[in-house]
Amino acid sequence: MEETKFTPQTWPNHAEQATAEGKNKFVGIWIFICSDIVLFASVFATYLSLRNKGPAGMEFTTQSLFELPLAFVMTMLLLTSSLTSVYAMYHMKNYNIKGVITWMAITVLLGLGFLGLEIYEFYHYVHIGFGYTQSAFSSAFFTLVGTHGLHVIIGLVWITCLIVRNAKRGLNLYNAPKFYAASIYWHFIDVVWVFIFTVVYLMGVLG
Amino acid sequence: MGHHTEVQAKTKAQYEYDRHHNAVHMKKQVVNFAIMIFLTFLAFAVVVADFSPYLIKPFILLLAGIQVVLQLYSFMHMDDKNGHHIGVISTYVWSGAMIIFPVFLAFVTVVWW
């Protein structure tokens, strides 16, 4: 493989799309995201039609279940992790691998915080009797929010692998597109969460 | 697949210009982030403030829409004219969203239990 050693002076402006592979990765991650939009649109539609619906176990409703402070903290964690991955891409543009690794690591930590709260939330619901099979509402809720949570887990594993693999390697035109694609994917997770906190939690509290 | 490209050293002026450009771009991103935080606060605040749901629901959906467009165009670089096939990508994203919307609408209005 090529062993070009770059310096900040020779690092190209669009390093993440300087090679054919980089260009393909950029288009590829977007095609994946478009199909993911369709997946999430389906689980959102399912949730909205089965929200607060039985056939049995109607003691739980969106208004009695959801706690806004928890949803707010989760939203802030995920939104901030979106900014920290923008910082990582800023350092990638300046050919600063330390900056990339540091900010990606902060992104992972914030993501872990979000995931921890989500696990706590799910555990709490199951504990009070609102399990996956409890009603049509509960299945739709766990499928929607759980699919998003699964995306968060995949993103965390992905970014952690990138950090471990590339920390000592330095930036090159081979791994720059990988970081770039991972950051776009991570922003997409935040995009989906914007709709979840609005449609599930805020509109759920309104009833 | 090739990872190879011509290695060209930038002139000092070009290098400094690019660094400056990157820093300015990053500042813009922080401003966009501040707007997103503000929109989120606003959405939670109007719900807590207990206005009429008929008023709040369209309002917070609008806020979510604005925030998503901000994410797509700033953080996810859909505003980047140099992005490879960015025109195709943005057509694909928006036409995909428009195709799935009637399906979504059908679910929400036609399905009941």
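**Around Phe197(A)**

Modeller: Start at Phe197(A). Beyond its neighbours within four places in sequence, Phe197(A) is in contact with Ala71(A), Thr75(A) and Leu202(A). Keep in mind that this is a predicted model.

Colleague: Which residues touch the most other members of the largest nonpolar core?

Modeller: That core has 72 residues. Phe197(A) and Leu202(A) are among those with the most core partners, along with Ala88(A), Val100(A), Met104(A), Phe179(A) and Tyr185(A).

Colleague: And which elements give two or more residues to this core?

Modeller: From chain A, α1 (20-50), α3, α4 (97-127), α5 (136-166) and α6. From chain B, α1 and α2.

Colleague: Where does the largest share of this core come from?

Modeller: From α6(A), with 20 residues. As background, nonpolar side chains tend to be buried together in soluble globular proteins.

Colleague: OK, switch to chain A overall. What is its secondary structure?

Modeller: Six helices and zero strands. The C-alpha atoms of chain A fill a box of roughly 65 × 30 × 25 Å along the principal axes.

Colleague: How much of chain A is buried?

Modeller: Of its 207 residues, 44% are buried. Look at the contacts in chain A too. Take those between residues at least 6 apart in sequence: 81% of them join residues at least 24 apart.

Colleague: Now chain B. How many helices and strands are in its secondary structure?

Modeller: Chain B has three helices and zero strands. From the N terminus, the order is α-α-α.

Colleague: Is chain B a compact globule or more spread out?

Modeller: More spread out. The globule rule gives 13 Å for 113 residues, but the radius of gyration of chain B is 21 Å, well over that, so chain B is more spread out than a compact globule. The box for its C-alpha atoms is roughly 65 × 35 × 20 Å along the principal axes.

Colleague: What share of chain B counts as buried?

Modeller: 15% of its 113 residues.

Colleague: What does the domain assignment of chain B give?

Modeller: Domain 1 covers 1-79 and domain 2 covers 82-113. The C-alpha centres of these two domains of chain B lie 21 Å apart.

Colleague: Tell me about helix α1 of chain B. What should it span, going by its residues?

Modeller: Helix α1(B) runs over residues 12-48, which is 37 residues. At 1.5 Å a residue, the helix should span 54 Å. The C-alpha atoms at its ends are 54 Å apart, so the span agrees.

Colleague: Which residues in α1(B) are buried?

Modeller: Phe33(B), Met36(B), Thr40(B), Ala43(B), Phe44(B) and Val47(B).

Colleague: What do the buried residues of α1(B) pack against?

Modeller: In chain A, α3 (68-93) and α6 (176-206). In chain B, α2 (53-75).

Colleague: What comes just after α1(B)?

Modeller: Asp50(B), which takes a positive phi of about 65°.

Definitions and conventions: Residues numbered from 1 in each chain as written. Chains lettered and ligands numbered in written order. Predicted model: local features only at pLDDT ≥ 70, side-chain atom pairs only at ≥ 80, totals over all residues. Helix = DSSP H or I, 4+ residues; strand = E, 2+ residues; numbered from the N terminus. Expected span 1.5 Å × (residues − 1). Buried ≥ 20, exposed ≤ 12 C-beta atoms within 10 Å, placed from the backbone. Contact = placed C-beta atoms within 7 Å. Core = buried A, V, L, I, M, F, W, Y, C linked by C-beta atoms within 7 Å. Rg over C-alpha atoms; globule rule 2.2 N^0.38 Å. Domains from an automatic or database assignment.
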